Amino acid sequence: MKHFSLEGYRQRLCTGMFMAVLLFSLLQKSTFVATSEELDNESSNHAHLERHFRGRIEAPNKTHILDTIFKGYDKRVRPHYREKPVLVSLYAVIDSFHDIKEEQMEYQVEIMLKENWDDPRLAYGNASWFVRLKGDTLAKMWYPDTFIENARKHDVDDKTRTAYLFGDGTIFLSEWIKATLTSHMDFHRYPMDVQTLILQIAGYSYDDTQVKYEWSSVSLKEKDMTEFYVDKENIFLKPTSFITGAGTHTAAVAEFRIRRRLQHYILGFYLPCLTCTCASWIQFWMDGKDIAGRAGVGTATVLAEIFLLEFSNQGMPKVSYLKAAELFMVASFAFISLALVESAVVYKVSSVTLKRNVADHRQKPHKQHSSSSRGKTPGSKLFPLAEGTSNSGVSNGEEADAAVSQHVHVECTNHCLPEEEVATPFARNLGSVIDQGARFTFPLIYITFTAVYFSLGLA
């Protein structure tokens, strides 16, 4: 039987190891598939852009083409004037988001922006050729006055601004942009908050009847940051409130939903709060009369919580409303303060009840002694005299005094005891009953609050 149990244990162990290896392999495979899908998406975006350059070569007679196409060309007039709006396709490659300043609700970004449109006036024949335009030559050509609407600072490196003009009149304009962007941020659920970083691009002076924007692709090189990581990307078009003259403007918007990493806050904020709160419950296992020791523990945890509050506020966004982190800290502070109040209540209730029971216990035997001793004199059963003696004489008086002294000694021995021994069991155990209730109630309520807090915060 023992051999059979050992074999069964070995079989279960091997089965468990096999399932663990299989699960690990599946996780690795799913991660690889997800990574492959991301790479495929990025590759498809780049492929969609590179297909315009595939099979095309630089024009051999560039000088002649440049001298010819700009004759009679007026860059003040847009392409397809009075015919149809110019359709501008946008390709954005974002290097990374960095320097996210929560107090100013701004962040910095570096973008390689590519714009694609067609201008039939610049067509020079062979569609497989292209001409590179930069500097003064680029200044001779019309291009849309694209700008980033939610930018506080927008710098374009003129050295990187380059246009590729194909023989069929298709134009690709590329430029490197460094911008400081703004985006509304909500910190009610901080540090479990989810923020949205917005890139909003539109035309400055042309409305939708003249120039229209559309997204072709948006890619982000680095999705992991020190404090955040990109959770979701979304691109769409929406009407913008920026209006110049008549007509409406439609902006091309790219949204990036980012989540805050919680590892730092768990170790540097939540864990200290939990530790301070749990440390304050040591009072429930201490002697109820040791009010000095209990007050010391409670005061130490209160001061530690106040220090943690001041230290953590330095890294929190300065907003006027209550954040989730502050709510957790206020709740922890309330539990610590209530534990200190509980110690004071236990000490006070135990002391008052103890004194009341001692007084009642001392008063009761005194009344019994007075009623039983009333009318009794030496010579009675309470003070028996020696046999063969009379009630008079010196020897009889000495014996009576000795009997009275012996009775008083016996009575004091029975009723003049310390308070701890005279008090009733209820008086001695009332403080411990309150402590026992606190040992169960405080952790239960705090654990429930913590579970609800994190379940709602991470939902």
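1. In which helix does Ser280 lie? Ser280 belongs to helix H4, which spans residues 263-280. This assignment, like every other in this note, refers to a predicted model. With a relative accessibility of 0%, Ser280 counts as buried. Leaving aside residues up to four places away in sequence, Ser280 touches Thr301, Ile336 and Ala339.

2. The loop between H4 and H5 contains Gln283. Gln283 likewise has a relative accessibility of 0% and therefore counts as buried. Its contacts, with residues up to four places away in sequence not counted, are Arg294, Val297, Gly298, Ala339, Leu340 and Ser343.

3. Helix H5 covers residues 291-313, a total of 23 residues. From its first C-alpha to its last, H5 reaches 33 Å, close to the 33 Å expected at 1.5 Å a residue. The buried residues of H5 are Arg294, Gly298, Thr301, Val302, Glu305, Leu308 and Ser312. An α-helix has 3.6 residues a turn, so residues three or four places apart point the same way.

4. For the chain as a whole, the model has 9 helices and 12 strands. Buried residues account for 35% of the 459 residues. The accessible surface is about 27100 Å², and carbon and sulfur atoms contribute 59% of that area. Of the contacts between residues at least 6 apart in sequence, 77% join residues at least 24 apart.

5. Strand E9 (residues 194-203) is largely enclosed by the rest of the structure, because 7 of its 10 residues are buried. E9 pairs with strand E5 (residues 146-148) in the antiparallel sense over 3 bridges; here Phe147 stands opposite Ala202. E9 also pairs with strand E12 (residues 249-260), again in the antiparallel sense, over 8 bridges. In that pairing Gln195 has Ile258 as its bridge partner.

6. The largest nonpolar core comprises 72 residues, and those with the most contacts inside it are Ile94, Phe97, Met141, Leu199 and Trp215. Strand E2 (residues 86-101) supplies the largest share of this core, 7 residues. Another core, of 5 residues, lies apart from it and includes Tyr91, Phe130, Tyr164 and Phe166.

7. Which residues does Ile94 touch, not counting those up to four places away in sequence? They are Val109, Glu110, Ile111, Leu199, Val218, Ser219, Leu220, Lys221 and Phe256. Among these partners, Leu199 is itself listed with Ile94 as having the most contacts inside the largest core.

8. How many disulfides does the model contain? The count comes to 0. Cys276 is in no disulfide, since the nearest cysteine sulfur, that of Cys273, is 6.8 Å away and the cut-off is 2.5 Å. Cys278 is also in no disulfide; for Cys278 the nearest cysteine sulfur is that of Cys276, at 9.5 Å. At 14% relative accessibility Cys276 counts as buried, while Cys278, at 39%, counts as partly exposed.

Note on methods
Residues numbered from 1 in each chain as written. Predicted model: local features only at pLDDT ≥ 70, side-chain atom pairs only at ≥ 80, totals over all residues. Heavy atoms only, no water. Buried < 20%, exposed > 50% of the residue type's maximum accessible area, 1.4 Å probe, protein only. Helix = DSSP H or I, 4+ residues; strand = E, 2+ residues; numbered from the N terminus. Contact = heavy atoms within 4.5 Å. Areas by Shrake-Rupley, 256 points an atom, 1.4 Å probe, with all protein chains shown as cover. Pairing = 2+ DSSP bridges. Core = buried A, V, L, I, M, F, W, Y, C linked by side-chain atoms within 4.5 Å. Expected span 1.5 Å × (residues − 1).
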